[in-house]
Amino acid sequence: MKHLLTSALLVLALGNGTAAVAANPAWLESKSEKAYEITVYRSASCGCCKGWISHLKDHNFAVKDVVVDDVNPYKEKLGVPAQGASCHTAEVNGKVIEGHVPAQDIKALLGSNSDIRLLTVPGMPSGGPGMDMDGARKDAFKVYAVDSGEQVSVFNEYKQY
């Protein structure tokens, strides 16, 4: 089962690697007043993690920022597959969030009645939340979902943002 999940994430992540070019990022769209507490595990040396935390705060997340020497034990404990890994890992309301997942998608998951246990944006796509520095290109990327049965699906896709 673990090999099947690994293979599915790898196939989905490789997909169509084209870059999208857009004028402005959409990371403040769909902002709501709904607030959640989220715990983020990150390395002290990672600047994009700080950018993603700022993005979460812009969307009314109360962030517990846990700086660790090695994030990998947290990823393993929370069941993040290697092919779905990024630079930081978070927990919110019993769900695992891996990488530069837009806050809007996290809130959509938390507002649903789904059995999704993990949302992930593998790698570090340029232009995504926390990776949207001035002048950065805007790569297309997908947010993947892994449910309680370890089935992988595309939760959302960003091409023109």
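This is a predicted model: local features need pLDDT of at least 70, side-chain atom pairs count only at pLDDT 80 or more; totals for chains, interfaces and linings use all residues.

Student: Okay. How many helices and strands does the protein have?

Tutor: There are four helices and nine strands.

Student: And in what order do the elements run from the N terminus on?

Tutor: They go α-β-β-α-β-α-β-β-α-β-β-β-β.

Student: What percentage of the residues count as buried?

Tutor: The protein has 161 residues, and 45% of them count as buried. Also, if you take contacts between residues at least 6 apart in sequence, 62% of those join residues at least 24 apart.

Student: Now the sheet. Which strands form it, and in what order?

Tutor: Seven strands make an open sheet, ordered S3-S2-S4-S5-S6-S8-S9, and the pairing is mixed. At the edges you find S3 and strand S9 (152-158), each pairing on one side only. From one strand to the next, the twist averages 20°.

Student: What holds strands of a sheet together, in general?

Tutor: Strands pair through backbone hydrogen bonds, either parallel or antiparallel.

Student: Let's take S4 and S5. Are they parallel or antiparallel?

Tutor: S4 and strand S5 (residues 95-99) run antiparallel, and four bridges join them. For example, Thr 89 has Glu 98 in S5 as its bridge partner.

Student: Which strands does H2 touch?

Tutor: H2 packs on the sheet and touches S2, S3, S4 and S5. The direction of H2 makes about 175° with that of S2.

Student: And H4, which strands does that one touch?

Tutor: H4 packs on the sheet too, touching S2, S3, S4, S5, S6, S8 and S9. With the direction of S9, H4 makes an angle of about 135°.

Student: Switching topic: what do nonpolar side chains tend to do?

Tutor: In soluble globular proteins, they tend to be buried together.

Student: What does Trp 52 touch?

Tutor: Leaving out residues up to four places away in sequence, Trp 52 touches several residues, including Ile 38, Val 40, His 88, Ala 90, Ile 97, Ile 106 and Pro 129.

Student: Let's do aromatic rings. How many aromatic pairs are there?

Tutor: The count is three aromatic pairs. One of them is Tyr 41 with Tyr 74.

Student: Why does that pair count as stacked?

Tutor: The ring centres of Tyr 41 and Tyr 74 are 4.3 Å apart and their planes sit at 20°, so the pair is stacked. The cut-off for stacked is planes under 30 degrees apart. Tyr 41 is in strand S2 and Tyr 74 in helix H3 (residues 72-78), so the pair ties together parts 33 residues apart in sequence.

Student: Are those two tyrosines buried or exposed?

Tutor: Tyr 41 counts as buried, at 10% relative accessibility, while Tyr 74 is partly exposed at 27%.

Student: Last topic, charges. How many salt bridges are there?

Tutor: The count is five salt bridges. In one of them, the side chains of Asp 65 and Arg 42 meet, 2.7 Å from N to O. This pair links distant parts of the chain: Asp 65 is in strand S3 (residues 61-68) and Arg 42 in strand S2 (residues 36-43), 23 residues apart.

Student: Is Arg 42 buried or exposed?

Tutor: Arg 42 counts as buried, because its relative accessibility is 6% and the cut-off for buried is under 20%. Asp 65 is partly exposed, at 36%.

Student: What does Asp 139 form a salt bridge with?

Tutor: Its partner is Arg 137, and their closest N and O atoms are 2.7 Å apart. Asp 139 is buried, with a relative accessible area of 14%, but Arg 137 is exposed, with 54%.

Note on methods. Residues are numbered from 1 along each chain as its sequence is written. Side-chain values use heavy atoms; hydrogens and water are left out. A salt bridge is a side-chain nitrogen of Lys or Arg within 4 Å of a carboxyl oxygen of Asp or Glu. Helices (H or I, at least four residues) and strands (E, at least two) are DSSP runs, numbered from the N terminus. Buried means under 20% relative accessible area, exposed over 50%, partly exposed in between (1.4 Å probe, protein chains only). Rings of Phe, Tyr and Trp (its six-membered ring) pair if their centres lie within 6.5 Å; planes under 30 degrees apart count as stacked, over 60 as edge-to-face and the rest as tilted. Contact means heavy atoms within 4.5 Å. Two strands pair if DSSP finds at least two bridges between them. Axes are lines fitted to C-alpha atoms, for helices over the stretch in contact, and angles run from 0 to 180 degrees between N-to-C directions.
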